[in-house]
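Dear colleague,

I am handing over the structure below, together with a short account of what was found in it. Please keep it open as you read.

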Amino acid sequence: MAKAPVLTPRAVDFPRWYQDLIGKAELADNGPVRGTMVIRPYGYGLWERMQAEMDARIKETGTQNAYFPLLIPQSYLAREADHVEGFAPELAVVTHGGGKELEEPAVVRPTSEMIVNEYFAKWVQSYRDLPLLINQWANVVRWELRPRLFLRTTEFLWQEGHTAHATYEDARDFAARIHRRVYEDFMVNVLAMDVVPGRKTVKERFAGAVNTLTLEGMMGDGKALQMATSHELGQNFAKAFNTSYLSKDGTQELVWQTSWGSTTRMIGALVMMHGDDSGLRVPPRLAQIQAVVLAIKGDEAVLAKVHEVGDRLRAAGIRVHVDDRTDTPFGRRAVDWELKGVPVRVEIGPRDLADGTAMLARRIPGGKEPVALDALAGLLPAILEEDQALLLRQARERRESRTADVSTLGEAVEVATAGGWARIPWADLGPEGENALAEHAATVRCLVAADGSVPEAEDAPGNVAVVARAY
C-alpha cells in the first residue's frame, strides 16, 4: 500500500497544501479569537531574520525607529475622510475600560497615520526639523472576514514608516527610495523573490494616498500577492492635522508626507513562492538555520564529530544547528528538517565517520552526495550562494512562463482565470475595464512602463496593466 504524502500535493489542492505546510513545518497555529494567529518559534525566527535585514536597510536611509500607542482616539480617524472610509469596515473599537464606558471610544490601530500626525504637528516647527523620518515595528488590527494564516489575519506584525518633507519632490523621491532600495533590494537579494515593481491604479491605492508604489509577486499557483507598498500621501494628512513648518523665506508651509509598510505576509509569500510538495525551501541568506548537522546514531564518536563539524561550520560564518536527538528516529528528523526548508543537511553516522565523509543533502535543488568532512567548511558557503541564486531564477522563470501579452479585456480575463498574469496596455483597459475585471475575481495588480520601470503617472503613455487573480 502506497505511503500517504506528508503534505497534500500542491497540484491537488494548493490552499490545503499551504495550510498543511504552515502546521507541519511549525510556523504558526490559529489563535483563540477568529482571525488571530500564534507564531511558533520557527516561524518567528524567520520574521526576526526579516526584521534584521529590513531594519538595517531602513536605517541606511536615515530613518529612526520609534513607537506609537496601540490605541487611537476615535475622533482622530474622522480628520481625513478618505482614510477613515477606507478602513471603517476593518476597525476594532474599544468602548469600555476599567469596568466603565469610555468617554471617547478608542480604535485599535489599523495603521498609524493619524496618531503619528498628531505628534508630527508638535515636533515640526521649522524647515530645520525636516525631513522627519520615523519607522516603527508593531502590531496592527484589521477585522478580517476571510482569514488565512500569515496572508490575512485580524492581527499581524509589520513595520510602518512615516516621514515628513519640505517639498513634494523630496517626499516623492523618498517613497521611491524605500520602494526600490529597501523593499525590492531585500526581496530580491535576501528572500530570492521575483517581484514586479509598479504603481497602483487609483482604484487600488492606499486610502488617503495620492500615489502607491507596490511590489507584486507570483505565487506557486499563479496568483499574485502584494508584498510591500510605499505611499506618497501628498498634503492630505498635513491639512487634516495642520502639520506645517516655517520655511527659510519665513512663510508657514504644510509638509509633504510618505508612509510605507511590510508585514508578516512575507512569510506566507515565502511558503507559496518557494515551497514544494516536500515543504518549505528557505533562501540561505534568510535562513536562521543554514545547515543542520544530524547524528544518525547515538554513537559517542558520531556525537563528538557532529559537534566538531558544527563548530567548524560556525567558524566559517554559517548559521548552524546540531541535531543530536538520537532518541528520535533519524528518518523522522530528516523529514522534519526537509519540511522546515533548511537549505543544507549534513548527515553523519558510523559508516560516514569510518570513511571520513558526511552525506550532504541540499534542500533547494534536491539530491544527496558524500562530501569529505574536512572539505565541508570550504564548500558550503559557495553551495549556499548557488542555491540562493537558483531559487530566484526558478521564481523568475515561473512568472515569465506564465505571463502573456494581450490586447483585450476578454483575453486578460482568460489568462488570469487560467492561473497566469496578463499584460495589457492601460490605454486599452482603462478604469472601465478595471471595474469589469472584478466580475471575474481579477484585478489590476499594478501599472508598469513599457520598459518595465515604474511609471511617473497613471496616464503616462505606454503604461501596461498587470492583471491577475490575487490573495
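Of its 13 lining residues, Arg 172, Arg 199, Glu 232, Pro 455 and Glu 456 are the closest to the centre. Helix α6 (168–189) and strand β10 (211–218) each supply at least two residues of this lining, with α6 giving the most, five; helices (H or I, at least four residues) and strands (E, at least two) are DSSP runs, numbered from the N terminus.

This is a predicted model, in which local features need pLDDT of at least 70 and side-chain atom pairs count only at pLDDT 80 or more, whereas totals for chains, interfaces and linings use all residues. Residues are numbered from 1 along each chain as its sequence is written, and side-chain values use heavy atoms, with hydrogens and water left out.

The largest pocket holds about 1600 Å³ of space, and among its 50 lining residues Glu 90, Arg 142, Arg 152, Gln 226 and Arg 265 lie closest to its centre.

Tyr 183 is in contact (heavy atoms within 4.5 Å) with residues including Met 54, Trp 260 and Ser 262, leaving aside its neighbours within four places in sequence.

With best wishes

Conventions: On a 1 Å grid over the protein atoms alone, a cavity is a set of points where a 1.4 Å probe fits but cannot get out, and a pocket is an open set with protein on both sides within 12 Å along at least five of seven lines; lining residues have an atom within 4 Å of a point. Grid points are joined across faces, edges and corners, and a volume is the space filled by probe spheres set on the points.
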